[in-house]
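Please open the model in a viewer and keep the selection tool at hand. The stops below proceed from one selection to the next.

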Amino acid sequence: MSSLQKNASPILVYIAFATVYIVWGSTYFFIQKALNGFPPFLLGTFRFILAGLLLMSWCKLKGENIFDRKSIKTAVISGLLMLGIGNGIVIWVEQVIPSGLVAIMVASAAIWFVILDKPKWKENLQSKSTVAGLIIGFIGVIFLFGEQLLHALNTTQSTVQIAGMCLLVIGPIGWAGGSLYSKYHADNKISVSAGTAWQMLAAGIAFIPGSLLNSEYQNFQWTAVPLDAWLSIIYLILFGSIAAFSAYVWLLTVRPATQVSTYAYVNPVVAVVLSLLFTSERISLIQFFGLLIILGSVLLINLAKYRQHKSSGAQAP
């Protein structure tokens with residue numbers, strides 16, 4: 001166990017996990033509400049640039065070091081992968097696929113954490129429970145995709161929906177890759193908050209070309225944005241980006257990546273509950289069965305680590 005893991009306050013870790021689990025689970029619902037007033041690329045630009053500037057200003061006021069070339073490079077690369085590709089795909093896809101189903105599909109990110117975490121390959125892939133969890137997780141994803149794919153083929157928007165589902169395979173890969181890059185390339189020359197701010201600024205700027213190509217600025221009218229969309233984007237900035245994303249990046253520095261990745265299996269539960277309570281979306285029995293399969297897979301993936309930590313704890317003096 002690293003010194004960072006030893007020094008991290010258990011209470012802060014619990015609060016950070018709760019924030020990532022609950023707040024991020026709700027962001028799928030609020031992204032869809034925000035899309036009622038904002039086009040997708042403009043939504044990403046506005047959300048992440050404003051959140052990045054607010055967080056950077058806070059770091060500056062606290063007297064933190066916010067400039068270091070190597071740290072900024074790491075933050076930019078990880079930010080583009082996580083927020084630009086991972087979250088950007090979620091924003092775009094929620095135009096055509098219900099938020100609850102998007103959250104369920106993104107649960108595959110936890111599987112990609114194991115596949116892409118090369119330094120932990122020997123540890124993870126020698127574990128029978130981890131390998132079984134990977135296989136079962138993919139089966140669960142197939143259950144989730146299968147019915148939606150068949151439905152999409154029989155609708156007029158089939159091409160767009162199929163493209164969205166394909167993108168939802170790429171999104172979690174980008175998110176997991178960016179998270180691992182951030183974890184293994186962090187040098188602590190700037191604070192976690194400052195690094196998070198650079199990540200959000202990089203992603204926000206990356207959305208601008210998409211807005212220009214789609215003529216979003218020309219067709220957008222600020223006065224036409226409904227109140228619900230404004231409240232939703234404020235929630236996404238303050239809670240989804242600044243609070244939850246900062247907690248997530250911090251957790252990556254003090255906990256194993258596979259443990260942190262379990263957020264991907266809790267978020268869909270929160271997203272589905274909000275969708276069922278406040279929208280007309282419905283989750284089919286097959287999709288619910290797929291979710292249960294994926295939830296079972298994460299238990300298997302983390303079973304070996306749980307046993308390892310329990311064993312090491314028992315042997316400690």
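**Aromatic pairs**

This predicted model contains 24 aromatic pairs. Phe-29 is buried, because its relative accessibility of 9% falls under the 20% limit.

Select next Phe-38 and Trp-222. This aromatic pair is likewise described as edge-to-face, at 6.4 Å centre to centre and with 75° between the planes. Phe-38 sits in the loop between helix H2 (10–34) and helix H3 (40–61), and Trp-222 in the loop between helix H12 (216–219) and helix H13 (227–254); the pair therefore ties together parts that lie 184 residues apart in sequence. Are the two partners buried or exposed? Phe-38, at 2% relative accessibility, counts as buried, whereas Trp-222 is partly exposed, with a relative accessible area of 44%.

Now select Trp-24, Trp-175, Phe-245, Tyr-248 and Tyr-263, which form one aromatic cluster. Keep Trp-175, Phe-245, Tyr-248 and Tyr-263 highlighted: in the largest nonpolar core, which has 79 residues, these four touch the most other members.

Which residues surround Tyr-248, apart from its neighbours within four places in sequence? Tyr-248 is in contact with Val-20, Trp-24, Met-82, Phe-113, Trp-175, Ser-179, Val-260 and Tyr-263.

**The whole chain**

The chain has 16 helices and 0 strands. Of its 317 residues, 51% are buried. Among contacts between residues at least 6 apart in sequence, 88% join residues at least 24 apart. In a surface view, the chain exposes about 15100 Å², of which carbon and sulfur atoms supply 69%.

**Confidence**

Finally, colour the chain by pLDDT. The mean for the chain is 83, and 87% of the residues reach 70 or more. Where is confidence lowest, and where is it highest? The lowest is in helix H1 (residues 3–7), with a mean of 51, and the highest is in H3, at 95. End the tour by selecting residues 313–317, where pLDDT stays under 50 and the model has 0 contacts beyond four places in sequence.

Terms used. Residues are numbered from 1 along each chain as its sequence is written. This is a predicted model: local features need pLDDT of at least 70, side-chain atom pairs count only at pLDDT 80 or more; totals for chains, interfaces and linings use all residues. Side-chain values use heavy atoms; hydrogens and water are left out. Rings of Phe, Tyr and Trp (its six-membered ring) pair if their centres lie within 6.5 Å; planes under 30 degrees apart count as stacked, over 60 as edge-to-face and the rest as tilted. Buried means under 20% relative accessible area, exposed over 50%, partly exposed in between (1.4 Å probe, protein chains only). Helices (H or I, at least four residues) and strands (E, at least two) are DSSP runs, numbered from the N terminus. Contact means heavy atoms within 4.5 Å. Accessible areas come from the Shrake-Rupley method with a 1.4 Å probe; for residues, only the protein chains shown count as cover. A nonpolar core is a set of buried Ala, Val, Leu, Ile, Met, Phe, Trp, Tyr and Cys residues joined through side-chain atoms within 4.5 Å. pLDDT is the predictor's confidence in each residue, from 0 to 100.
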